[in-house]
Amino acid sequence: MATTDESLFWDLIEELRLEDPRVEEGTIMGGRCARVRGEFLGLVDFKGGGLVVKLPRARVQQLVDEGVGQPFAPAGKVFKEWVSIPVRDPGRWRALLREGLAFVAPS
């Protein structure tokens, strides 16, 4: 069973890989991330933990407005299509990663 944000994230990415072989490990900002056909999908926020996932701007704003997510702003620059989900929640993270996959690499 996953006990850290990092282990949960990679367990969920492995599940996605089994469903969609386009999901792969990559790097971004000097750390590990998940990509789909070269497009960024997600990572574990190296500053405070939690999931960071790429979603449509409107969905990011919705998650922020609901208090579920926070803007992702490394070095002070807000990434408008990335949201940080600080609370570890396997079901929510799984669903958001699937949303992210559909967004960055539609079938």
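Trainee: Why is F79 called partly exposed?

Mentor: F79 has a relative accessible area of 23%. Buried means under 20%, exposed means over 50%, and partly exposed lies in between, with a 1.4 Å probe and protein chains only. The value for F79 is 23%, so F79 is partly exposed.

Trainee: What kind of model do these values come from?

Mentor: This is a predicted model, in which local features need pLDDT of at least 70, side-chain atom pairs count only at pLDDT 80 or more, and totals for chains, interfaces and linings use all residues. Residues are numbered from 1 along each chain as its sequence is written, and side-chain values use heavy atoms, with hydrogens and water left out.

Trainee: How do you know that W82 counts as buried?

Mentor: The relative accessibility of W82 is 8%, and therefore W82 counts as buried. F72 is buried as well.

Trainee: What makes F72 and W82 a stacked pair?

Mentor: Rings of Phe, Tyr and Trp (its six-membered ring) pair if their centres lie within 6.5 Å; planes under 30 degrees apart are stacked, over 60 edge-to-face, and the rest tilted. The ring centres of F72 and W82 are 5.5 Å apart and the planes stand at 20°, so this pair is stacked. F72 lies in strand β5 (residues 70-72) and W82 in strand β6 (residues 79-85), 10 residues apart. Strands (E, at least two residues) and helices (H or I, at least four) are DSSP runs, numbered from the N terminus.

Trainee: Why is the pair of F79 and W82 called tilted?

Mentor: The centres of F79 and W82 are 4.4 Å apart, with 40° between the planes. That angle falls in neither the stacked nor the edge-to-face range. F40, F72, F79 and W82 form one aromatic cluster.

Trainee: What makes D45 buried?

Mentor: D45 has 12% relative accessibility, so D45 counts as buried. D45 sits in the loop between β3 (39-44) and β4 (51-54). Leaving out residues up to four places away in sequence, D45 touches G50, V52, F72 and S84; contact means heavy atoms within 4.5 Å.

Trainee: Why is helix α1 called oblique to α3?

Mentor: The axes of α1 (residues 5-19) and α3 (residues 90-104) come within 10 Å and cross at roughly 50°. That angle makes α1 oblique to α3. Angles under 35 degrees are roughly parallel, over 145 roughly antiparallel, 65 to 115 roughly perpendicular, and the rest oblique. Axes are lines fitted to C-alpha atoms, for helices over the stretch in contact, and angles run from 0 to 180 degrees between N-to-C directions.
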